[in-house]
Amino acid sequence: MRMEENHKVIIVEGSSDKRKVQNILNEPVEIICTNGTIGLSRLDELIESLFHKDVYILVDADDSGEKLRKQFKREFPEASHLYIDKMYREVATAPEKHLATVLLGANIDVHAEFLEKG
């Protein structure tokens, strides 16, 4: 049986998060926006479509982000959770270098120019 190509998916909250992450990535990764909270039926659909993929949750370090993260931990325990530093609060406003380091830590390829030199 042929191994399916490794398919990574990052789940973010908003479209500004998606744009920011897309700029940093150096490999094809599907990015899904939840646009804030997510209904259970939408979540079920999402989980079904993500069944054989590597899923990463990258949400803001605030109350709504934590709420979403808890929901994913409960409904989709196989997902990996990526955390930005609380001092940046939002994925969209976190420095590219910080996000690149977080992504690289999860074995997601990023453009070298975003990694800290030295």
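Contact here means heavy atoms within 4.5 Å. With that in hand, here's a quick tour of this predicted model. The protein chain has four helices and four strands, and from the N terminus on they run β-α-β-α-β-α-β-α.

**Overall build**

- The protein chain has 118 residues and a radius of gyration of 14 Å; a compact globule would have one near 13 Å, so the two agree.
- Along its principal axes, the C-alpha trace spans about 45 × 45 × 20 Å.
- Of the 118 residues, 43% count as buried.
- Take the contacts between residues at least 6 apart in sequence: 57% of these join residues at least 24 apart.

**The nonpolar cores**

- In soluble globular proteins, nonpolar side chains tend to be buried together.
- The largest nonpolar core here has 23 residues, and the ones with the most contacts inside it are I10, V21, L25, L58, L82, L103 and I108.
- Elements giving two or more residues to this core are β1, α1 (15-24), β2 (30-33), β3 (54-58) and α4 (96-105).
- Helix α4 supplies the largest share of this core, with four residues.
- Apart from that one there's another core, of 15 residues, with V9, I32, L43 and L50 among them.

- I10 belongs to strand β1, which covers residues 8-12.
- I10 has a relative accessible area of 0%, so it counts as buried, the cut-off being under 20%.
- Beyond its neighbours within four places in sequence, I10 is in contact with V21, L25, V29, E30, I31, I32, Y56, L58, L103 and I108.

**Helix α4 and what follows**

- The buried residues of α4 are H98, L99, A100, V102 and L103.
- Those buried residues pack against β1, α1, β3 and β4 (80-82).
- L103 has its own list of partners: not counting residues up to four places away in sequence, L103 touches I10, V21, I24, L25, L58, L82, I108 and V110.
- Just after α4, N107 takes a positive phi of about 60 degrees.

**Salt bridges**

- Side chains of opposite charge can pair when their charged atoms come close.
- A search of the whole structure turns up four salt bridges; three of them, including K8 with E27, E30 with K53 and E66 with R69, are worth a look.- K8 and E27 have their closest N and O atoms 3.2 Å apart.
- That pair links distant parts of the chain: K8 sits in strand β1 and E27 in the loop between α1 and β2, 19 residues apart.
- In the bridge between E30 and K53, the closest N and O atoms are 3.7 Å apart.
- E30 lies in strand β2 and K53 in the loop between α2 (40-49) and β3, so this bridge ties together parts that are 23 residues apart in sequence.
- E30 counts as partly exposed at 32% relative accessibility, and K53 counts as partly exposed at 27%.
- The side chains of E66 and R69 meet at 3.8 Å, N to O.
- Both E66 and R69 lie in helix α3 (residues 63-75), three residues apart, or about one turn of the helix.
- E66 is partly exposed at 28% relative accessibility, whereas R69 is buried, with a relative accessible area of 2%.

**R69 and the rings**

- R69 turns up again here: besides its salt bridge with E66, R69 lies over the face of Y83, at 3.9 Å from the ring centre.
- As for ring-on-ring pairs, the count of aromatic pairs comes to zero, with ring centres having to lie within 6.5 Å to pair.

Terms used
Residues are numbered from 1 along each chain as its sequence is written. This is a predicted model: local features need pLDDT of at least 70, side-chain atom pairs count only at pLDDT 80 or more; totals for chains, interfaces and linings use all residues. Side-chain values use heavy atoms; hydrogens and water are left out. Rings of Phe, Tyr and Trp (its six-membered ring) pair if their centres lie within 6.5 Å; planes under 30 degrees apart count as stacked, over 60 as edge-to-face and the rest as tilted. A charge sits over a ring if NZ of Lys or CZ of Arg is within 6 Å of the ring centre and within 35 degrees of the ring normal. Buried means under 20% relative accessible area, exposed over 50%, partly exposed in between (1.4 Å probe, protein chains only). A nonpolar core is a set of buried Ala, Val, Leu, Ile, Met, Phe, Trp, Tyr and Cys residues joined through side-chain atoms within 4.5 Å. The radius of gyration is taken over C-alpha atoms; the globule rule is 2.2 Å times the number of residues to the power 0.38.
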